[in-house]
Amino acid sequence: MTDTTRGDVRLSGISKTYGSFTAVHPLDLTVPQGSFFALLGASGCGKTTTLRMIAGLEDPSSGTVHLGDQDVTSLPPYKRPVNTVFQSYALFPHLDIFENIAFGLRRRGVKSVKKQVGEMLDLVQLGDHARKKPHQLSGGQQQRVAVARALINHPKVLLLDEPLGALDLKLRRQMQLELKRIQTEVGITFVHVTHDQEEAMTMADQVAVMNAGRVEQLGSPADLYENPHSTFVANFLGTSNLITTEVAAMDGDRLVVKAGDAKLSLPTARTSADTRTGGKVLLGIRPEKIALTHADEAGTIPEGRNRITGKIAQSSFIGVSTQYVIDSPVCDAFEVYAQNVERDGRLTPGAEVVLHWNPEHSFGLDAAQSLLAGTAEAAGTEDEVTA
Amino acid sequence: MTTVADAPPTALVEPPAKPRKKRGRFTPYWLLLPGLLWLVVFFALPMLYQASTSVQTGSLEKGYEVTWHFQTYLDALGEYWPQFLRSVLYAGIATVLCLLLGYPLAYLIAFKAGRWRNLVLILVIAPFFTSFLIRTLAWKTILADGGWVVGSLDALHILDVTSWIGLTEGDRVLATPLAVVCGLTYNFLPFMILPLYTSLERIDGRLHEAAGDLYARPFTTFRRVTFPLSLPGVVSGTLLTFIPASGDYVNAQLLGSTSEKMVGNVIQSQFLTVLDYPTAAALSFILMAAILIMVTLYIRRAGTEDLV
């Protein structure tokens, strides 16, 4: 580890409070050098505040910020080797594109401004627009100028504050790939703040999911998706079916649980909860991991799979897959996404079905949490409370 | 009333699109009419009247008639050029002082005042609740000989400096150029602060953060970002100060002596005391032309069309 800490961003015990409101609880985070790191969370979760503390635009109430070996906590923004791509781009309206990009170089008294800006304009494919003013460019072009203006300074870390928020969906997809390409090309550490879980998953090497001023879980996108440690992460990243169960027994590396009269099992390694017999565990399973079989053919389901019976309440065909909502005694809105490979014509609303899946795909969570944390409904009620 | 009662049936018979379109086409002109009439009656006609007065000859007893006597302009300029120069000079100094005093205050209101912002803005406008004349007369008391202001300035040897420049004479402030410039600065300061505040307030705070993020120190941020973006306010503020200040006569009248007379005082006395209407009218036109030329050059030079 010691040889790779040269350019790491290290936050130690960093927090931010405004009066009695705590925006960020004391937080430890290390962003490895050269990685594409995403801070993911709903609005107001403290992710932007964290980013601004790295940039020096916000003074932390406690803790330190290290860039490599350098403690930058008390340095003003203009002395930090860090640059930011702002949410609204914050391009200088009175300067043309060339001068916007050259701004940082000129402040540091760098020579060969013309050459470097030219190269940067080529990198973001805006060579023809050098003498235009920002308002003459489209949203996507302005966004690229903002990236170029920050990148040209070769910062140790590039901070991106929801840089794609103002773009339409198609352009956003395109810019996600573009940013990823630029990051791979220049090898600078990117810290990207977003509320869009898909954006975080497609772009980042590592994602920190934030909720109410705390990091809920940190890991690679696949790890977070497959192995969430809290209901917030399970629901915020994609969709999860959560079943309240009771621990029946331990069977080697398997935990056997009961939900109603169904016996289910899950790997203990994927359980972040108390596993004593009689304890409550939330069993989670992703909708696309579940297979649906009509109740008449229940006998064809291989042994050793978790199975639950239910009745189709809704089905919606969306091309690639069909999304079913299933009423089941153990969970009243079970979501199942079935690939449209061989469709069974009997799987229509009202049909009795068996849901079954590989036990390895289940994960276990502490049952003391809200089942709705991180869902749209939960966000809605929180908003009402704060309003 | 009967027409109103008759209207609905015809409206039902006729296709509705046609009259609506017609009405729409003339609406802008109807809306323009009151303002246009006002301008014609109270601006265009008096201007024409003054223009004709300026080329008339005659006397009060015999009456005046238009003789296209343009010599009046040359005579007026030849006789009163010191007052013209003085007007431009005093108004110029007052404008610069207003900018130097007003900019920090406008900056403070726009960026630092927080919840006090509205209160400070009201304080800026508050002097307007009292008459211009009363406030200028108050300055007469403030700058009175032997008053504590003059006393302190004298004790601090500031009067030595100003009298060396030629702004004051001896240990007096009243009846010197300094008093007139002070009065002008005081009276026109709000006209500088308000446009400056408006354009500063419109600057997105994130631009300051962006500049700081791009290695600009606070002063560099001001020089490279804040000030250039506030230029429209600087231009309109200086115009709103300089133009009325150069035509002002109240400050020179109340705070100055005969050697601080500005062109406004000359015009006033020519019209109301000497009753030489052609000269007064010619002086007015010369002043107007001079201001127009200066302002045009200034705006060209400031190049504000390009900003925002």
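This report covers a sheet in chain A, then the annotated spans and domains of chain B.

## Basis

The model is predicted: local features need pLDDT of at least 70, side-chain atom pairs count only at pLDDT 80 or more, and totals for chains, interfaces and linings use all residues. Residues are numbered from 1 along each chain as its sequence is written, with chains lettered from A and ligands numbered from 1 in the order in which they are written.

## Sheet of chain A

Six strands of chain A form an open sheet of mixed pairing, in the order S6-S7-S8-S3-S9-S10. Its edge strands, S6 (82–85) and S10 (214–219), each pair on one side only. From one strand to the next the twist averages 20°. Strands (E, at least two residues) and helices (H or I, at least four) are DSSP runs numbered from the N terminus; two strands pair if DSSP finds at least two bridges between them.

S6(A) pairs with S7 (residues 157–161) of chain A in the parallel sense, over four bridges. Within S7(A), A:Leu158 is the bridge partner of A:Asn83.

## Chain B

UniProt, in an unreviewed entry, places "transmembrane region" features at residues 29–49, 88–111, 118–138, 174–197, 225–245 and 280–299 of chain B; such annotations may be inferred rather than shown by experiment. Residues 88–111 of chain B are 100% helix and 0% strand, with end C-alpha atoms 33 Å apart. For residues 174–197 of chain B the values are 88% helix, 0% strand and 32 Å.

An automatic or database assignment divides chain B into domain 1 (16–54) and domain 2 (71–306).

How values were computed
Axes fitted to C-alpha atoms, helices over the stretch in contact; angles between N-to-C directions.
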